[in-house]
Amino acid sequence: MSLIVKEAGKAISRADERAPISSLAKANLRKIFPDHWSFMLGEIALYSFIILLLTGVYLTIWFKPSMIEVPYHGSYAPLDGIPMSEAYASALNISFDVRGGLLIRQIHHWAALFFMAAMIVHMFRIFFTGAFRKPRELNWVIGGSMIMIGLLEGFAGYSLPDDLLSGVGVRIVAGIIESIPVVGTYLMFFIFGGQFPGSDFIPRLYTFHVLLVPGILLALVGLHLVLIFYHKHTQYPGPGRTNTNVVGYPLFPVYTAKAGGFFFVVFGVTVLIASIVTINPIWAYGPYVPDQVTAGSQPDWYIGFLDGMLRAIPPGWETVIWGHTISWNIFVPGLVMPGVLFTLLLGYPFIEAWVTGDTREHHLLDRPRNAPTRTALGVMAITFYGILVLNGANDIIAQMTSIPFNYITWFTRVGIVVFPPLAFVATRRFCLGLQRRDRDLLLHGRESGQVLRLPHGEFIEIHTPISDTEKAVILSKVDVPVIEAPPATDENGVVTPGLKGRRRRAKWSRFYFGDNVAKPSAAEIEAAAHHAHEEHDHEVEELTEGGKDIPARLTD
Amino acid sequence: MTSTSVRRHRATGLVVLLAALVATGVGYAAVTDSAQAAPPQASETQVQQGRQLFLEGCATCHGLAAQGTDSGPGLIGVGAASVDFQVTTGRMPLSAPAVQAPRKTPQYTPEQVTALAAYVASLGAGPAIPSDSDLSTTDANLAEGGELFRTNCAQCHNFAGKGGALSDGKYAPTLMNATPREMVEAMLTGPQNMPNFPNATLPLEKKQAIVKYITDNLQNAAAPGGLALGSYGPVTEGVFIWTAGIGALLLAAVWIGAKVR
């Protein structure tokens, strides 16, 4: 034993003489991270990404990114002799003739769905707790970019097998590129190497999917994690937790165990799903032929909102200039709207920072109710997105519910304008209600359900004070002051500089924080506690007194 | 000679066998003859019986002489195949006006359907009910059937034959319950919103290939990847990942993240 320790010590010293391994480990292995289940959502995405890299390597060994037409003579009889691209033939080969190929393909695809879903759930957590605030704006932008890039990567991935379903998706994307005014057609020809479908697209997409994009994603993942280390992890409010400390457990051994274990859980669940549930049965779709299509052609879920947007725009919105048609009905939903949505998404931390005028660092998370306008904007965005996703599946919903999809499309056209604002108002009111309840809890405690009748006939309900933990959580609320608009002119009649901008900011500030329920001041809490105490004493006094004096009182 | 001795005669077995063979052969020939004949050689009684049934059950919408009214199309020249398809699948008679007649329990017995078909066929020439040999798929090519299915059928009935939505509440029905005869009749006559594929454009052998693809590969689909989630494509996969998938991992995260004291 001592020999092993000695040898290990020697090895470490040898390593340390060349690189500062020990000091790095010492400094970082004991780094403290706070504990909460919602801090593990990003990990799901990270682990799915690792699974994608591992299974992806296996698939590249067998996949042939080629659009050369070959007749199929593999073991899937229903396609025997059918001409198809080498890409599709090799994907069939992976599915039916490579050992474990179908399982690996299904793990890869399910992991891709997990990757996108986990990134989005993780983003919800970051958004609703305000974890994107200074100093973490850059990490928010990196995360949002990864969602956007992940979306492209997913599209490229499921298009590679060149099956009938994904070929239809590629055709739609070619159409969207063509819809760009002036340069669209040139760009489409440039990307596809000529007319659609051509023979260049799959090989190009392959390089994009297995080399370029994973490289970018890997770099961004690394940067994302380094920034988490550098900024330290945010924490939820609670007793002893402040903006300048981190309360939790060390990375080693607690989080290495938890995170390592969680990796195996994610991997296990993905493999379990991939073993029992089919995903993307390319053999059933058949090879892509431009004149074929299947009913219910759908993209993977993360592209669904784009499809929903395309399906919602009424046909015929076009302009003809000098014999050239500009298809706004494709360009706007296909490129402009996603561009606007992602710009808003990536820019949100800066928008909110401008409204609050806040330059402080925030390491303590917000409770969603304490930022009602932000929370309401988030729910509004989710509602908007959700309606689009539903409309993307309008034909499947129509088939399952027998509601004509024309109705669903019209529901979307109207609902996309009506429901998000309703969701906004409802969420905001809900948050403000929760704030009032918090204030009430702090000042008066919790209703105990015990009703007392006092000797003189009065009924009172006993309130029990809330615990110190609850108090600390409620008191973590930061009252953001509403920025007031400056007067138009000062006392000398000089026009205030930048009046318009400052007024606009005041308006937004009031929109964000104007209705917030003020956290009770220390004096108010003191007064409330005093009052409760007094009342309680009074009750007890009256009760004991009453006990003695019952006959006297009765005779009164 | 007693009856027992007749039964015990050496030649009796042979004679009975011969008689049975002859009877089967003649009977089979008679059946196939009547089915293959176009227009079918239906008896006058069948036509009369069919006319009676038509006047009772169909004339309200299709008109007293099957000439068609505002509520239903004319049936002169639609052929026996059309009647057989619509009535044996229960689509006709219609229970209530709707964008499309749904498949339901048939309202007429097979004899009544034959009579109705005979009557409608007597009004004008049209596609006949396909015979059993027309429906034979033993020589058909499965892969060719798949190719034809993806070119002609999948755009409405979906790649797996699960059906699909059309505009304004119309739909292409699922093919999971369709019999080979119904499939060929539908292709010949183009019921409801379906275009028709007469033998001149889609020869019978190709129809047989399609039927083979549907019966062998879609109705009895192997599921090498596991549960097919209804074969509706990525939408059900997305629903699955957001419910069972993310749900399971959230539970695991809550479990791991739970405070242990």
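**Ground rules.** I number residues from 1 along each chain as its sequence is written, and chains are lettered from A in the order in which they are written. In this predicted model, local features need pLDDT of at least 70, side-chain atom pairs count only at pLDDT 80 or more, totals for chains, interfaces and linings use all residues, and side-chain values use heavy atoms, without hydrogens and water.

**Chain against chain.** I looked up the contact first (heavy atoms within 4.5 Å). Chain B brings 49 residues to it and chain A brings 61. Together the two chains bury about 4,500 Å², with 70% of that on carbon and sulfur atoms. Buried area here is the accessible area (1.4 Å probe) that two parts lose on being put together, summed over both.

**Domains of chain A.** The assignment, which is automatic or from a database, gives domain 1 (1–30), domain 2 (36–293) and domain 3 (446–555). I noted 38 Å between the centres of domain 1 and domain 2 of chain A, taken over C-alpha atoms.

**Two crossing helices.** Helices are DSSP runs of H or I with at least four residues, strands are E runs of at least two, and both are numbered from the N terminus. In chain A, the axes of α13 (residues 328–356) and α18 (residues 499–513) come within 8 Å and cross at roughly 105°. Axes are lines fitted to C-alpha atoms, for helices over the stretch in contact, and angles run from 0 to 180 degrees between N-to-C directions. So α13(A) is roughly perpendicular to α18(A) (the class for 65 to 115 degrees). Residues making the contact include Tyr348(A) and Trp354(A) of α13(A), and Arg504(A) and Trp508(A) of α18(A).

Strands β5 (residues 318–321) and β6 (residues 324–327) of chain A pair in the antiparallel sense over 4 bridges; pairing needs at least two bridges found by DSSP. Thr319(A) stands opposite Ile326(A). I see 2 residues between the strands, and Trp322(A) in this hairpin has a positive phi near 45°.

Where are the cis peptide bonds I noted? One joins Phe196(A) and Pro197(A), with omega about -10°. Pro197(A) sits in the loop between α8 (184–192) and α9 (201–231) of chain A. Another runs from Met92(B) to Pro93(B), with omega near -5°. Pro93(B) is in the loop between α5 (79–88) and α6 (110–123) of chain B. Val182(A) is not a glycine, yet has a positive phi of about 65°.

Definitions and conventions: Parallel < 35°, antiparallel > 145°, perpendicular 65-115°, else oblique.
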